[in-house]
Amino acid sequence: MVTRLVLVLGDQLSEGIAALRVADPATDVVVMAEVMGEAATVPHHPKKIAFLFAAMRKFADRLRAAGWRVAYSRLDDPENSQTIAGELARRAGEFGVSEVLATEPGDWRLIAELQSAPVPVRLLEDDRFLASQAEFEAWAKGRTSLRMEYFYREMRRKTGLLMEGDAPAGGKWNFDHDNRKPAPDEVTGPGPLRFEPDPVTEAVLDLVDARFSGHFGTLRPFWFATDRDQALRALDHFIAHALPRFGDYQDAMLDGERFLYHSVLSLYLNAGLLEPLEVCRAAERAWLEGSAPINAVEGFIRQIIGWREYVRGIYFREGPDYTARNSLGHDRALPALFWGGPTKMRCVAQAVAQTRDEAYAHHIQRLMVTGNFALLAGIDPGQVHAWYLAVYADAFEWVEAPNVIGMSQFADGGVVASKPYVSSGNYINKMSDHCGACAYAVTKKTGEGACPFNLLYWHFLDRHRERFAGNPRMGQTYRTWARMDAGKRETILREADALLERMSAGGEV
Ligand code: FAD
Ligand code: DLZ
Ligand code: SF4
């Protein structure tokens with residue numbers, strides 16, 4: 001006899017997830033569903049959809065092998081209602097049950113859908129994170145600013161990662177001072193581990209090809225891991241080959257080098273194939289064994305137990321209206337260049353092309369190239385958010401929105417970032433080799449061929465002077481602007497306006 005349904009979503013592929021822990025394989029049926037309601041909320045990258053569907057199908061097989069009964073809806077099943085709530089209702093009828101167990105989704109939209117589903121859904125906290133929401137709230141309570149660094153130290157103490165008693169290993173909490181070197185001349189190392197698609201994945205690739213070829217993104221070659229065993233191999237590969245240089249070149253960008261020393265593990269972590277603590281312990285072990293330096297290991301661990309946990313806390317603390325925030329009143333439409341339309345900006349073209357091919361870009365490309373450009377150009381943050389949510393294989397709203405709405409677009413008014421992440425072309429030139437191959441001149445501030453980042457940087461600062469001139473970390477920049485010759489300021493603003501108008505009219509920039 002079946003007593004309950006147990007919902008497992010596409011990013012909940014962990015055998016230890018709350019709903020499965022509470023359920024009983026003898027009497028409960030697991031429900032998994034490929035649905036258009038999730039795959040087309042935004043036009044998700046075909047590689048992302050293929051990754052999730054293949055990983056879901058293989059996870060369902062794994063559960064069956066472990067003794068679970070799984071009702072799995074494929075996208076092209078004729079009875080598929082194409083929404084999660086619809087599939088729960090359909091399966092409830094099929095099995096004659098009226099109770100559903102689910103682990104809380106990482107998206108307010110889907111939480112609301114489950115709360116108003118035709119069958120009652122009992123939502124359990126997703127405890128695959130180091131900090132519960134209650135812990136995050138307790139940390140945040142009474143603080144005037146929620147700086148990640150302090151939260152991170154709490155997580156170090158809680159996990160004991162890189163701790164020597166009460167003190168941080170190596171005598172410092174943060175080794176960023178030793179990181180962030182400009183791009184190396186050449187990259188050694190093989191890049192992330194690639195997997196040949198197995199028959200389950202091949203079938204999914206055919207489905208995705210047939211149904212989602214209109215979405216932005218290249219499906220093949222497809223090389224992501226699609227099950228836990230493969231994801232663990234990808235982790236080992238990163239620890240052995242890339243972690244030692246992760247810190248040094250964390251912020252670097254190189255033409256034609258898509259991954260540098262980044263882990264490309266976020267999609268596996270976010271889908272549930274890897275656990276954050278096991279990933280951090282593996283990195284810590286590498287340091288203890290002397291195969292990776294402290295600056296690399298600390299920097300890597302901070303991204304996971306610091307940033308990753310922190311942004312999740314912010315997402316749920318800030319509430320369902322977070323993605324609609326627009327503190328700077330930006331309203332320009334997202335230009336076609338984000339969808340692969342022509343652009344002469346080498347840095348942007350590179351980031352967008354690799355996003356199209358890999359459903360991946362590393363942090364600095366997301367923050368200081370595409371994000372920086374969108375912010376400087378005053379693009380509607382809601383549209384920027386929808387773009388990031390669609391194009392990256394690791395994008396789920398709980399992690400994407402605080403990074404985009406908060407960190408990158410300052411649309412939350414400074415909850416995540418203490419000042420906007422804006423820069424002129426100078427930063428990109430320092431951290432990459434893009435400018436040398438660009439049609440624009442990074443050293444030119446105005447006139448024919450001036451780098452758009454140079455023009456738009458001052459345009460941004462000028463149009464938001466009231467908001468930021470009083471920010472102690474931006475005072476020096478505003479003083480530089482004020483000291484600039486009035487005629488030069490006027491030229492910059494005029495040329496920036498012309499560039500923005502041209503872009504909005506569909507012209508190439
Ligand atoms: P690595 O550089 O190898 O870092 C290791 C791990 O740290 C990552 O796998 C990830 O799990 C974690 N991490 C690092 N930075 C962050 C961060 N800021 N927030 C949360 N986790 C972090 N990350 C996502 O997982 N999903 C997103 O949708 C996403 N959108 C982003 C949008 C913008 C505008 C920005 C600036 C950042 C975004 N990030 C997002 C954070 C970060 O860029 C990615 O986690 C990282 O690029 C993933 O690649 P990686 O696995 O090679 O990371
Ligand atoms: C992202 C995604 C996609 C593309 N498709 C599905 C799907 O068909 N079925 C499913 O269960 N989950 C999918 N997901 C993941 C969900 O959108 C995700 O669980 C929520 O956004 C919450 O993070
Ligand atoms: Fe980007 Fe400007 Fe450099 Fe061109 S010159 S690559 S637009 S920063």
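Is Thr3 buried, partly exposed or exposed, and what is its relative accessible area? In this predicted model, Thr3 comes out as partly exposed, because its relative accessible area is 32% and the partly exposed class runs between the 20% limit for buried and the 50% limit for exposed. Thr3 sits in the segment that precedes strand 1 (4-7). Its C-alpha lies 8.2 Å from that of Gly96, although 93 residues of sequence separate Thr3 and Gly96.

Next comes the second largest pocket. Empty space of this kind shows up when a probe the size of a water molecule is rolled over the atoms. The volume of the second largest pocket is about 450 Å³, and 29 residues line it. Nearest the centre of this pocket are Glu38, His44, Leu52, Arg109 and Phe396.

At least two residues each are supplied by strand 2 (28-33), helix 2 (36-39), helix 3 (46-65) and helix 5 (108-115). In terms of domains, domain 1 (5-124) and domain 3 (336-504) each put at least three residues into the lining of the second largest pocket.

Aromatic contacts are the next topic. Two numbers describe a pair of aromatic rings: the distance of the centres and the angle of the planes. The model has 31 aromatic pairs. One of them joins Phe246 and Phe300, with 5.4 Å from centre to centre and 85° between the planes. That pair counts as edge-to-face, because the angle is over the 60 degrees at which this class begins. The Phe246–Phe300 pair also ties together distant parts of the chain, since Phe246 belongs to helix 10 (residues 243-246) and Phe300 to helix 13 (residues 294-318), 54 residues apart. Phe246 and Phe300 are both buried.

Ring pairs also build a cluster, made up of Phe51, Phe222, Trp223, Phe224, Phe259, Tyr268 and Tyr360.

Arg312 has its charged end over the ring of Phe129, 3.8 Å from the ring centre. For Arg302, the charged end sits over the ring of Tyr152, with 5.9 Å to the centre of that ring. The Arg302 case still counts, because the cut-off for the distance to the ring centre is 6 Å.

Note on methods
Residues are numbered from 1 along each chain as its sequence is written. Chains are lettered from A and ligands numbered from 1 in the order in which they are written. This is a predicted model: local features need pLDDT of at least 70, side-chain atom pairs count only at pLDDT 80 or more; totals for chains, interfaces and linings use all residues. Side-chain values use heavy atoms; hydrogens and water are left out. On a 1 Å grid over the protein atoms alone, a cavity is a set of points where a 1.4 Å probe fits but cannot get out, and a pocket is an open set with protein on both sides within 12 Å along at least five of seven lines; lining residues have an atom within 4 Å of a point. Grid points are joined across faces, edges and corners, and a volume is the space filled by probe spheres set on the points. Helices (H or I, at least four residues) and strands (E, at least two) are DSSP runs, numbered from the N terminus. Domain bounds come from an automatic or database domain assignment. Rings of Phe, Tyr and Trp (its six-membered ring) pair if their centres lie within 6.5 Å; planes under 30 degrees apart count as stacked, over 60 as edge-to-face and the rest as tilted. Buried means under 20% relative accessible area, exposed over 50%, partly exposed in between (1.4 Å probe, protein chains only). A charge sits over a ring if NZ of Lys or CZ of Arg is within 6 Å of the ring centre and within 35 degrees of the ring normal.
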